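This briefing walks through one structure, topic by topic. Please look over the sequence and the model before reading on.

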Amino acid sequence: MSGAADSAPPRPGAPAGRLKKRKDFLRVASRGKRAARPGLVLQAAPGDAGTLRIGFTVTKKVGNAVVRNRARRRLKEAARLTLPGLGAAGWDLVLIGRDGTGRREFATLVADLRGALRQAGVTP
RNA sequence: UCAGACGGCCGGACGGCCGCUGGCCCGCGAGCGAUCGCGGGCUGGAGGAAAGUCCGGGCUCCACGGGACUACGGUGCCGGUCAACGACCGGCGGGGGCGACCCCAGGGAAAGUGCCACAGAGAACAGACCGCCCGUCCGGCUUCGGCCUGACGGGCAAGGGUGAAACGGUGGGGUAAGAGCCCACCGCGCUUCCGGCAACGGCGGCGGCACGGCAAACCCCACCGGGAGCAAGGCCGAAUAGGGGCGGACGGCGAGGCGCCGAAAGGUGUUGUCGCAAGGGCGGUCCCGCCCUUCCGCCCGGGUUGGCCGCGCGAAGCCCGCAGCGAUGCGGGUUCCAGAGGAAUGGCCGUCCGUGCCCGCAAGGGCACGACAGAACCCGGCUUACAGGCCGUCUGGCGCC
RNA sequence: CGGGCAGUAGCGCAGCCUGGUAGCGCAUCAGUCUGGGGGACUGGGGGUCGUGGGUUCGAAUCCCGCCUGCCCGA
């Protein structure tokens, strides 16, 4: 699983991979810190040193497939615009979509993410 | 112009910046190499329902030699279309609407079984409560013709009443009162002839009410149906294995092999090589057929992180022409049009479009919102959801010429 | 991807197969017993039968479409 990361030097601060396995999500949920905002819920746990991995969860309660896709894509975009340069390497993050994720003003959603990262101790 | 019916179509448009993903190309690096990594450029990138998964196919694997019976499921007027269908088209029959049109699981009730509550006298080869009529008798009245109440005997089913449904309906004749008892029309059944490929329809004749309804009750008849599903299935790589051990029982018959005896016929021992038998399997049963297996007991022993193919040139889309009422078919031209895998198609901004609200006398401005909904192997249908809009044909009403 | 079950009163369930009356328990309301509570007894109220159609004279029940929830198998 780490073969690609070895031969591909990532951009500084950019996510190096996605969390894909159920057990990764369970580990972050059980051992990590939580920070909730109206637009999202963040779970963060220390992972492999030097790499930042991120996963997304949007459950069926949020809505149908269109609504869930939209929430996940907006979270991806917010993470893409926010995380580089924050020095979050070494963390595994899980972003969970909520009812407000799809409708919330995008700038506010980004602010939610920054605040959640601070609360969870990922960034100072 | 208003109301309505049907058919077809669109389902936000254009642009900028930053991203994601498939393909192609270029550069750099690694490697003997296939190739891999990074960077850059060009280009493709959700739907009419992608949805629900209700049918039908393609494709893939499994089973399969044939037949009979049975079970289960589905379909059900006729003809056509289609690769196929439970879909579609055109008819027929029935029902609804002033109409354009719409709706219908629409075979069989004289094969059998069953059900028809309540009400009602009677509910399936029925029945007489009120009633109508005739006769006899008792009583009363009498303008002596008769009338009335009641009882008994008999005839009737027209009228009232019950019901979803009352054993044909309406009218006339007829009669003591009645009755298909007779007649006309309607309905029903049978039928000659005619039209139609057919479902069926029409004219006529006969019968003379004899066959009530429910099969989306069981059922009968006809036709159709092998099972599973892309997590199908295949390849590569990794790993473990596809077994091992111990003990016991015997191998039911025949053939063959091998050993021994014998000149030979043969005998004898051994052996799971072959056949039969036995056991098991081939949805259920049966027949033939095929396949598998020495048997029993105990003990020990696994693995599944990944990559690639399948995976998009197809019953394909678009534009014409011809045939057909139409579904559709045929011919010509043209286009290549998503391929992810915790799963790409996004974020932000501007102009326009539409809708709503607010400010304003107005010009205009501001704010918010953008229907239903996201490909997961593919295709043909069905069903369901859906803001707003466009085009065409037709019907009814009103007004005008 | 494939298969199955359920939806009936505030809650938990019958009734459906074999069509005509929706019933049981708890809860709730009123009354009686008690000084009051608890409890017991008596009586009462309450249901678009998930939804939209169809078949039938008549549908919770039979048939079809849809919605919601749950459970299996791969």
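Predicted model: local features only at pLDDT ≥ 70, side-chain atom pairs only at ≥ 80, totals over all residues.

**Helix α4**

- α4 covers residues 106-119.
- The buried residues of α4 are Leu109, Val110, Asp112, Leu113, Gly115, Ala116 and Leu117.
- These buried residues pack against the strands β2 (33-37), β3 and β5, and against the helix α3.
- After α4 comes Gly121, which has a positive phi, near 85°.

**Nonpolar cores**

- In soluble globular proteins, nonpolar side chains tend to be buried together.
- The largest nonpolar core in this model consists of 21 residues. Leu40, Leu42, Leu93 and Leu95 are the ones with the most contacts inside it.
- At least two residues of this core come from each of β3 (40-46), β4 (53-57), α3, β5 (91-97) and α4.
- α4 gives the most to this core, with 5 residues.
- Apart from this core there is a second, separate one of 7 residues, and Phe25, Val28, Ala45 and Ile96 are among them.
- Leaving aside residues up to four places away in sequence, Leu95 touches Leu40, Val41, Leu42, Ile54, Gly55, Phe56, Thr57, Leu75, Ala79 and Leu113.

**Surface near RNA strand B**

- RNA strand B is surrounded by 18 residues, and the closest are Arg18, Lys20, Asn69, Arg72 and Arg73.
- Of the atoms of RNA strand B that come within 4 Å of the protein, 61% belong to sugar and phosphate.
- Sorted by class, the surface near RNA strand B has 10 charged, 5 nonpolar and 3 polar residues.
- Two helices, α2 (22-31) and α3 (65-82), each supply at least two residues of this surface.
- α3 gives the most to the surface near RNA strand B, with 9 residues.

**Polar contacts with RNA strand B**

- An N or O atom in the side chain of Arg72 is 2.6 Å from a phosphate oxygen of RNA strand B.
- At Ala65, a polar backbone atom is 3.5 Å from a phosphate oxygen of RNA strand B.
- At Asn69, a polar side-chain atom lies 3.4 Å from a base nitrogen of RNA strand B.

Technical notes. Residues numbered from 1 in each chain as written. Chains lettered and ligands numbered in written order. Heavy atoms only, no water. Near = heavy atom within 4 Å. Polar contact = N/O pair within 3.5 Å; in protein donor to acceptor, adjacent residues only side chain to side chain. Helix = DSSP H or I, 4+ residues; strand = E, 2+ residues; numbered from the N terminus. Nonpolar A, V, L, I, M, F, W, Y, C, P; charged D, E, K, R; others polar. Core = buried A, V, L, I, M, F, W, Y, C linked by side-chain atoms within 4.5 Å. Buried < 20%, exposed > 50% of the residue type's maximum accessible area, 1.4 Å probe, protein only. Contact = heavy atoms within 4.5 Å.
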